[in-house]
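Me: Please take a close look at one part of this structure for me, and then show how the rest is put together around that part.

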Amino acid sequence: MAKIIAGVASSHVPAIGAAIDNKQTEEPYWQRVFSGFEKSKEWMEKTKPDVCIVIYNDHASAFSVEIVPTFALGCAEEFPPADEGWGPRPVPVVQGHPELASHIAQSVILDEFDLTICNKMEVDHGLTVPMNLLFGSPKAWPCPVIPLAVNVVLYPPPTAHRCYMLGKAIRRAVESYPEDLRVVIFGTGGMSHQISGPRAGLINSKFDKAFLDNLTKDPRKLTRITHLELMREAGAEGIEMVMWLVMRGALDDKGDEGYRFYTVPASNTAVGHIILEPKRRAAGKSKRVTASKAKRPMGSKPRRAAAFKSNLQSVRKGKR
Ligand SMILES: [Fe+2]
């Protein structure tokens with residue numbers, strides 16, 4: 001059975017991608033941002049997911065305003081980087097996982113969430129920047145990726161609650177897939193920012209930090225945030241944070257925060273990042289499995305869960 005082993009939330013600021021592509025990551029301004037993802041990259045290298053599901057939004061790259069799906073699931077074999085106006089980013093083509101993606105489409109749609117199925121789609125910085133932040137800049141991405149694009153650019157975007165419940169439907173889909181796959185789910189976008197109008201440049205760190213706190217401890221509280229409140233407190237583009245709730249919905253409500261990073265500014269936005277693991281499930285399993293656990297061979301599921309937990313603990317303590 002496939003399993004979602006962790007959730008990652010990360011901003012997807014386009015200027016971060018430009019800093020990587022233009023080799024500016026060591027400049028003091030950008031070093032402050034990238035240093036916050038060093039432990040995350042170490043964690044990801046140890047975690048080695050079989051598949052990632054990346055919740056992001058398309059910025060008029062794959063879809064124009066002529067067609068704007070609310071939820072678009074990438075079921076293709078591969079997803080090339082989009083030309084966002086200055087040529088495609090020099091990042092690897094994203095390899096998909098059509099089998100799991102098709103299974104998710106079937107499960108989630110029959111679960112009454114109407115996804116748009118995309119058998120051909122380019123992906124922009126909304127997906128590729130978080131990939132860089134968690135995987136670095138390899139010649140090929142180390143695992144297949146299933147993109148799920150959420151409309152947050154044209155009114156009306158889905159509600160926070162709808163996104164959270166979609167996450168739960170995705171989890172049900174993943175957990176009904178027969179192959180043993182370890183899946184990490186990303187929620188990307190945000191945090192507070194507004195890129196145009198009289199409030200351009202808005203950053204609200206107090207709101208962002210409370211959002212991060214609740215993302216870990218009380219995600220259901222976040223599902224009650226309205227679009228108006230999000231835009232008032234976090235800026236017009238802060239609405240992207242509803243995408244984090246898709247990721248959060250796919251995890252246990254009592255998740256454990258493995259790592260957090262927050263800094264301002266990056267370009268004209270706040271950068272937020274968090275890693276969550278389903279602690280209760282891992283701990284419960286290790287408690288329930290007692291005598292039989294001792295007989296399990298290395299690499300079996302309970303030991304894998306324990307190893308995953310210790311990975312995060314090491315990251316928290318800065319030992320690796
Ligand atoms: Fe965005």
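Reply: Axes here are lines fitted to C-alpha atoms, for helices over the stretch in contact, and angles run from 0 to 180 degrees between N-to-C directions. The model is predicted: local features need pLDDT of at least 70, side-chain atom pairs count only at pLDDT 80 or more, and totals for chains, interfaces and linings use all residues. Numbering starts from 1 along each chain as its sequence is written.

Strand 9 and strand 10 (residues 269-277) run antiparallel and are joined by eight bridges; pairing needs at least two DSSP bridges between two strands. Within this pair, R260 has I274 of strand 10 as its bridge partner.

Strand 3 (residues 71-74) pairs with strand 6 in the parallel sense, over three bridges. There, G74 is partnered by C118 of strand 6. Strand 3 also pairs with strand 7, again over three bridges but in the antiparallel sense. A72 has A149 of strand 7 as its bridge partner. Both faces of strand 3 are covered. F71 and L73 are buried on one side, A72 and G74 on the other. Buried means 20 or more other C-beta atoms within 10 Å of a residue's own, exposed 12 or fewer, partly exposed in between, with C-beta atoms placed from the backbone.

What lies around the sheet? Start with a loop. P80 sits between strand 4 (78-79) and strand 5 (94-95). P80 is partly exposed, with 15 other C-beta atoms within 10 Å. Neighbours within four places in sequence aside, P80 contacts P88, V93 and E122. Q95 is 15 residues from P80 in sequence, and 8.6 Å away C-alpha to C-alpha.

Next, two helices. The axes of helix 6 (residues 160-175) and helix 10 (residues 242-249) come within 6 Å and cross at roughly 30 degrees. From helix 6, the contact takes in A160, C163, Y164, M165, L166, G167 and K168. Helix 10 meets them with V242, M243, L245, V246, M247, R248 and G249.

Helix 3 (residues 38-47) has S40, W43 and M44 as its buried residues. They lie on the same side of helix 3, because they cover an arc of only 95 degrees around the axis; the arc is that of the directions from the helix axis to the C-beta atoms. K48 follows helix 3, with a positive phi near 45 degrees.

Last, the whole chain. The protein has 13 helices and ten strands. Of its 320 residues, 46% are buried. Among contacts with a separation of 6 or more, 81% join residues 24 or more positions apart.

Conventions
Helices (H or I, at least four residues) and strands (E, at least two) are DSSP runs, numbered from the N terminus. Two residues are in contact if their C-beta atoms, placed from the backbone, lie within 7 Å.
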